[in-house]
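Please consult the structure below before reading on.

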Amino acid sequence: MTVFRCYMKIIKKNAGMIIMYFVIFTVISVAMLYVSKDSNSKNQFMESKLEIAVVDNDKSEISGKLIKYLSQIHNIKIEEDNISVLQEEMYYQKYNAIIKIPEGFSDNFIKGDKTIKITQQPGQFDYMYIESQVNDFMNRMIKYNIAGYTIEESFKRVSDIKESLTIKSQDLK
């Protein structure tokens with residue numbers, strides 16, 4: 001009980017300062033609420049388009065569909081497999097990432113092996129964004145392929161899902 005009385009004495013002694021900090025916190029919170037309401041709520045999230053170089057050594061139907069899918073989301077440029085040129089362009093920040101599709105990708109893809117090499121700029125985390133989109137595309141393509149759809153039908157269904165998500169997000173604006 002003695003400790004409780006001591007705390008109450010300290011609170012009574014500093015009641016003015018406690019009320020002052022409470023009022024300051026409340027005023028700042030209310031001001032931030034009004035400022036956030038006045039800002040354009042349509043621009044709270046913008047999907048970013050990254051600059052990506054793609055080296056397609058497979059040149060198969062599946063790799064073409066992957067490139068077409070990524071070009072719907074990002075700015076894609078097909079490059080030749082020249083390591084020194086790609087390193088230089090990555091150094092000068094022309095590209096956020098380089099996706100290298102190896103030879104035999106389509107054969108391995110049907111078996112379930114989906115190895116694609118993605119190289120990013122050091123210190124950047126765009127790699128995770130691109131990697132998740134590539135993995136999502138390939139997983140859905142494999143699932144549709146296992147279900148008996150052709151590559152073209154699978155791609156159409158995967159692309160329809162992407163567009164339906166885009167349309168829904170635009171309806172929210």
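## Helix pair

How are H3 and H6 set to each other, oblique or roughly parallel? The model is predicted, and local features need pLDDT of at least 70, side-chain atom pairs pLDDT 80 or more, while totals for chains, interfaces and linings use all residues. Residues are numbered from 1 along each chain as its sequence is written, and side-chain values use heavy atoms, without hydrogens and water.

The axes of helix H3 (residues 61–73) and helix H6 (residues 126–146) come within 11 Å and cross at roughly 135 degrees. H3 and H6 are therefore oblique to each other, as angles under 35 degrees count as roughly parallel, over 145 as roughly antiparallel, 65 to 115 as roughly perpendicular and the rest as oblique. Axes are lines fitted to C-alpha atoms over the stretch in contact, with angles from 0 to 180 degrees between N-to-C directions.

## Helix contact

Contact means heavy atoms within 4.5 Å. From H3, Lys65, Leu66, Tyr69, Leu70 and Ile73 meet Gln133, Val134, Asp136, Phe137 and Arg140 of H6. These residues divide into six nonpolar, one polar and three charged.

## Second largest pocket

H4 gives the largest share of the lining, four residues.

Note on methods: Helices (H or I, at least four residues) and strands (E, at least two) are DSSP runs, numbered from the N terminus. Ala, Val, Leu, Ile, Met, Phe, Trp, Tyr, Cys and Pro count as nonpolar, Asp, Glu, Lys and Arg as charged, and the others, Gly among them, as polar.
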